[in-house]
Amino acid sequence: MPGCHFSPVQGLTGESWRIDGEGISMLARQQTAEKGALGVSRKREARLLRRCGTGLGPQVLAQSNHWIIVEWLTGKRVTNEGFDALNQCGELAAMAAGLHRRPLSGYRLNLQRQFVSYWQQLDKRRLTPAWLRCQQHFLRITPPTPLQLAPLHMDIHPGNLITSAAGLRLIDWEYAADGDVALDIAALFRSNDWASVQQQRFLQHYVQHGYPDEARLHAQVQCWLPWVDYLMLMWFEARWQQSGDAEFLHWGGVLRQRFC
């Protein structure tokens with residue numbers, strides 16, 4: 001693209017590049033072997049954005065076998081304080097419920113298949129008998145029966161939210177797929193380390209726009225929390241294997257003590 005400037009996004013591993021030129025601002029997202037090993041599919045991401053993300057996520061501008069190019073959403077990244085305020089006023093829950101009312105993408109999330117994939121990537125020197133028993137447990141049991149199937153984002157946190165003139169927008173759909181609404185909420189609770197009062201406030205707002213039975217929704221979220229915790233542990237361990245960055249082991253340390 002003549003006259004365009006390319007810059008890596010957030011100084012990460014080069015899988016995403018911002019493209020700026022006269023009158024244009026885009027984001028190019030690459031499909032790499034490392035991303036694929038983590039369960040990322042740019043093809044699935046593009047499908048979710050086209051089918052479920054209109055007006056909420058970035059528009060897909062172009063797609064190939066190994067790349068998708070989406071619009072660069074202008075606005076301000078939500079801060080931790082702003083995130084809490086969005087939860088307090090109910091706007092965050094309304095946004096999540098709005099996503100959950102959209103059409104299914106056709107890509108069903110399979111956590112057990114992801115656990116198998118992550119297991120193959122682990123440092124075998126770190127495995128313990130307790131960890132093996134835990135892995136076998138999650139592969140043997142049946143996941144919770146969904147309360148309501150919907151498109152899930154699975155990575156809602158302040159860094160993935162932008163306030164713009166068009167309203168609240170959600171970026172980074174690389175882990176999005178179809179699944180139980182309570183799973184998306186459980187992932188939101190855990191990834192943001194919310195206390196029970198914050199969780200309760202979210203659910204009180206959510207049932208006004210989405211699944212209406214608060215008691216049943218709360219119980220279902222509790223059922224999904226161990227699955228989310230184990231998914232986070234496996235992701236941290238796989239990312240450490242890929243990157244060699246000990247921060248991933250630090251972030252997963254409490255979960256490792258619990259499961260392994």
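**Reading helix α8 and its surroundings**

Tutor: The buried residues of α8 pack against α3 (80-89), α4 (91-100), α7 and α9. Please bear in mind that this is a predicted model.

Student: Which residues of α8 are buried, and how are they arranged around the axis of the helix?

Tutor: As a general idea, an α-helix has 3.6 residues a turn, so residues three or four places apart point the same way. In this structure, the buried residues of α8 are Gln-198, Gln-199, Phe-202, Leu-203, His-205 and Tyr-206. Viewed down the axis of α8, they fall within an arc of 165 degrees and so line one face of the helix.

Student: How many residues does the largest nonpolar core have, and which helix gives the most to it?

Tutor: In soluble globular proteins, nonpolar side chains tend to be buried together. Here the largest nonpolar core has 70 residues, and Phe-202 and Tyr-206 are among those with the most contacts inside it. Helix α9 (residues 214-243) gives the most to this core, namely 13 residues.

Student: What is Tyr-206 in contact with, leaving aside its neighbours within four places in sequence?

Tutor: Its partners include Ala-93, Ala-96, Ala-97 and His-100, together with Val-181, Ile-185 and Leu-217.

Student: Where is Met-154 found, and is it buried or exposed?

Tutor: Most residues other than glycine have a negative phi. Met-154 has a positive phi of about 70 degrees and lies in the loop between β7 (149-152) and β8 (161-164). Its relative accessible area is 14%, so Met-154 is buried. Asp-193 has a positive phi of about 50 degrees and is found in the loop between α7 (181-191) and α8 (196-206). Asp-193 counts as exposed, at 67% relative accessibility.

Note on methods:
Residues are numbered from 1 along each chain as its sequence is written. This is a predicted model: local features need pLDDT of at least 70, side-chain atom pairs count only at pLDDT 80 or more; totals for chains, interfaces and linings use all residues. Side-chain values use heavy atoms; hydrogens and water are left out. Helices (H or I, at least four residues) and strands (E, at least two) are DSSP runs, numbered from the N terminus. Buried means under 20% relative accessible area, exposed over 50%, partly exposed in between (1.4 Å probe, protein chains only). A nonpolar core is a set of buried Ala, Val, Leu, Ile, Met, Phe, Trp, Tyr and Cys residues joined through side-chain atoms within 4.5 Å. Contact means heavy atoms within 4.5 Å. The arc is that of the directions from the helix axis to the C-beta atoms.
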